[in-house]
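Welcome to this short tour. Open your viewer, get ready to select residues one by one, and follow along.

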Amino acid sequence: MITPYLTFNGNCKDALNFYRTVFHCGEPNVLPYGDYMPEGSKTPPELLRTWVMHAEMVISGTNVWFADEAAPPQNGDNIKLTATVPTGGEATAIFDALCAGGEVTLPPTETFYSVFHAAVRDKFGVNWNVVAEEAPQQVEG
């Protein structure tokens, strides 16, 4: 099993709220740093106590892990997630929501396997593919 793990630099709670709204998820399980000091952290960020040490949320049937890192991660360049949903309508809605403040990296297109396939780097720098399971109409000839 592979568990997607998304790291942020102080805005993990904002990301959790954003994805929860986009994918209509339940409440995430969140564990803040509190008094915990990450090993080797000599100069922790000022607000580390309120940052997310670990969070989990189920998105489209997949358990995704989240955390704030004391050392700033490279936004999204090391992971791409694919959200596969039943219909083109659902895919369009999710894609449109992820585009808010983001950058389209593959405009929506119909392929031989899907009525909708698109990609976006969202406002948090995370790369997403959005694909509908709905197959295009086959032209009989």
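Start by selecting Tyr5, which is partly exposed because its relative accessible area is 36% (buried means under 20%, exposed over 50%, and partly exposed in between, using a 1.4 Å probe and protein chains only). This is a predicted model, where local features need pLDDT of at least 70 and side-chain atom pairs count only at pLDDT 80 or more, while totals for chains, interfaces and linings use all residues. Residues are numbered from 1 along each chain as its sequence is written, and side-chain values use heavy atoms, leaving out hydrogens and water.

Tyr5 sits in strand S1 (strands are DSSP runs of E with at least two residues, and helices are runs of H or I with at least four, numbered from the N terminus). Show its neighbours next: leaving aside residues up to four places away in sequence, Tyr5 touches Met53, Trp65, Phe66, Ala67, Glu69 and Ile79 (contact means heavy atoms within 4.5 Å).

Now colour the strands. S1 belongs to an open sheet of 4 strands, in the order S1-S4-S3-S2, with mixed pairing (two strands pair if DSSP finds at least two bridges between them). S1 and strand S2 (29-32) are at the edges with a single partner strand each, so one side of each has no neighbour in the sheet. S1 and S4 pair in the parallel sense over 4 bridges, and Thr7 stands opposite Ala67 in S4.

Last, select Phe23. Which residues does Phe23 touch, not counting residues up to four places away in sequence? They are Ile59, Ser60, Ala83, Ile94, Leu98 and Trp128.
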